[in-house]
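Please keep the sequence and the structure in view while reading.

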Amino acid sequence: MSVKSAEPWVEGSEVDVVLLKAGRTKIRYPARLVSDDGTRIVVRADWASEGVRDFGFVRFEPGDVFTEYYWRDRWYAVKEVRDARGGLKGWYCDITRPAAFSGGEVVVEDLDLDLWRSADGGTVLRLDEDEFEESGLARSDPEAAAAAVAALDALEALATTEGGLESLLS
């Protein structure tokens, strides 16, 4: 008689990714657990929204696949974005509080700042700095705001160094 593992969240398990913003659920979507080494959680998910979202610098659309990297000890998440044929579009990076993973949910709190790096490395964009300022985080939680800005700066430095961003994901 075989005994099931006490830990049900093994590679290939379905989990939910929950993105919080200002204490409320912004989006929740299903993903498959790729790995969890105790510090970094990797999941794979299809584009979670209906239709196309055109940012001007990239389009997310049905068929896109996101391999998402979350850390329990870092203030960001990195999402590798591929089209339906497997072609790399680039990396979308969210500045977040460190991730939590329990009860089959990967939970992160979005802190408004984002970074985009195109597949060829030719475009690196800091995004939503105005939303971050408007959020009031610098006043309500100055330590978290400082950590968020430092995380964005660190990701930008990696994104502008050949192989830098990719080194986080291997």
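Strands are here DSSP runs of at least two residues, numbered from the N terminus. The model under discussion is predicted. In it, Asp110 belongs to strand β10, which covers residues 105-118.

UniProt, in an unreviewed entry, records the feature "domain: DUF402" at residues 45-160. Across that span, 25% is helix and 43% is strand, and the C-alpha atoms at its ends are 26 Å apart.

Within the sheet pairings, strand β8 deserves attention. Strand β7 (residues 76-82) pairs with β8 in the antiparallel sense, through seven bridges. Arg82 has Leu88 of β8 as its bridge partner. The two strands make a hairpin in which five residues lie between them, and Gly86 in the turn shows a positive phi of about 95 degrees. Strand β8 is also antiparallel to β10, to which six bridges join it. Because eight of the nine residues of β8 (residues 88-96) are buried, this strand is largely enclosed by the rest of the structure.

Is Asp110 buried or exposed? Its relative accessibility is 5%; buried means under 20%, and Asp110 therefore counts as buried. The side chain of Asp110 is joined to that of Lys26 by a polar contact of 3.1 Å. Leaving aside residues up to four places away in sequence, Asp110 touches Leu19, Leu20, Lys21, Lys26, Ile95 and Thr96.

Conventions:
Residues numbered from 1 in each chain as written. Predicted model: local features only at pLDDT ≥ 70, side-chain atom pairs only at ≥ 80, totals over all residues. Heavy atoms only, no water. Helix = DSSP H or I, 4+ residues; strand = E, 2+ residues; numbered from the N terminus. Buried < 20%, exposed > 50% of the residue type's maximum accessible area, 1.4 Å probe, protein only. Polar contact = N/O pair within 3.5 Å; in protein donor to acceptor, adjacent residues only side chain to side chain. Contact = heavy atoms within 4.5 Å. UniProt positions renumbered as here; feature names shortened; annotations may be inferred. Pairing = 2+ DSSP bridges.
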